[in-house]
Amino acid sequence: MNGALFRNPVAIGIAVLLAVILLASTFAIVPETKQAVILRFEQPVGSPINAYKPNEIFGKTGAGLIARVPFIDRIVWVDKRVLDVDYDNQQVLSSDQLPLEVDAYARFRIIDPLRMVVTARSEDGVTRALQPLLGTSIRNELGNQPFATLLTPERDQVMDNIQARLQRLASQYGVQIVDVRIKHADLPTGSPLDSALNQMATSRKQQALTIRAEGSKQAQIIRAEAEAQASNIYATAFNKDPEFYDFYRAMQSYRRTFGADGSNPTGSTSIIMSPNNAYLKEFQGRK
């Protein structure tokens, strides 16, 4: 009877099929890019397999062949790679009450697969849970910032603040927020945009006037200090040698009057004076 059973190709095929099903239900291969959580009657069993570890070396992780109780245990696969969650074209109010159309995204990694499975059940569940949290973080941060901040280098600090806010909310799902980026935050076309542009132009003009006024003030101070220093130098020179100082000043005056310093482009100057004129005393020589 048994020999006839083993000679029956249909029976052999069924036996092989049952064996394959049993093996497939018992063993599984965890790839390098996945984490595995085993559930028994929807409750976690043991520690996650191939769980994420910082700075781990590819090829030396917990990936490989695992076993489970067939038909009872279920494997939940969790990606170890960086995942995305989007915040598409939502309206947010800035601190100066301007409506902004914001398009942003966050990148995250699941670092505690057991907590993720318990709280969100799956990767899709984490993404659905993070979307409103990302929106809340963006609204809370941009609500404390004027629109002009997003046009300056301080924009990076704003995104860092959003990331920190989101991390505090997302930790409950066993995820690490890797990055947050605002792709664009624009004013809607029409009156809000025109009003904001006019306000920004007025602000820049006021800043330019302030800078020019400050520059003019500094120039006057420098000029006054230079003139005071020059007067002090002249006074010191006069006190040391009054006769030489008179001679030097007279030579400067002659040089300019007769065009020797190039102030007279024609190169000719005619002056008629009496030989006894006091202006020409330096030409009379010293007695």
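Which residues is Leu130 in contact with, leaving aside its neighbours within four places in sequence? The views below start from there.

**View 1. Leu130 and its contacts.** Leaving aside neighbours within four places in sequence, Leu130 is in contact with Val85, Phe108, Ala170, Tyr173 and Val175; contact means heavy atoms within 4.5 Å. Please keep in mind that this is a predicted model, in which local features need pLDDT of at least 70, side-chain atom pairs count only at pLDDT 80 or more, and totals for chains, interfaces and linings use all residues. Residues are numbered from 1 along each chain as its sequence is written, and side-chain values use heavy atoms, with hydrogens and water left out.

**View 2. Helix α4 and what covers it.** Helices (H or I, at least four residues) and strands (E, at least two) are DSSP runs, numbered from the N terminus. Helix α4 takes in residues 123-142, and its end C-alpha atoms are 28 Å apart. Among the buried residues of α4 are Gly125, Ala129, Leu133, Ser137 and Glu141, where buried means under 20% relative accessible area (1.4 Å probe, protein chains only). Their cover includes β6 (83-93), β7 (99-110), α3 (113-120), α5 (155-170) and β8 (175-186).

**View 3. The open sheet β6-β7-β8.** Three strands in this order make an open sheet with antiparallel pairing; two strands pair if DSSP finds at least two bridges between them. β6 and β8 are the edge strands, each pairing on one side only. On average, neighbouring strands of this sheet are turned by 20° against each other, direction ignored. Ten bridges join β7 and β8 in the antiparallel sense, and Ala104 has Ile182 in β8 as its bridge partner.

**View 4. The largest nonpolar core.** A nonpolar core is a set of buried Ala, Val, Leu, Ile, Met, Phe, Trp, Tyr and Cys residues joined through side-chain atoms within 4.5 Å. The largest one has 39 residues, of which Val102, Phe108, Leu130, Ile138 and Val175 touch the most other members. With seven residues, α4 gives the most to this core. Another core, of seven residues, lies apart from it and includes Ala28, Ala36, Ile49 and Ile66.

**View 5. Ser94 in its loop.** Ser94 sits in the loop between β6 and β7. Its relative accessibility is 2%, so Ser94 counts as buried. Not counting residues up to four places away in sequence, Ser94 touches Leu100, Leu142, Gly143, Gln145, Pro146 and Phe147.

Definitions and conventions: Expected span 1.5 Å × (residues − 1). Buried < 20%, exposed > 50% of the residue type's maximum accessible area, 1.4 Å probe, protein only. Axes fitted to C-alpha atoms, helices over the stretch in contact; angles between N-to-C directions.
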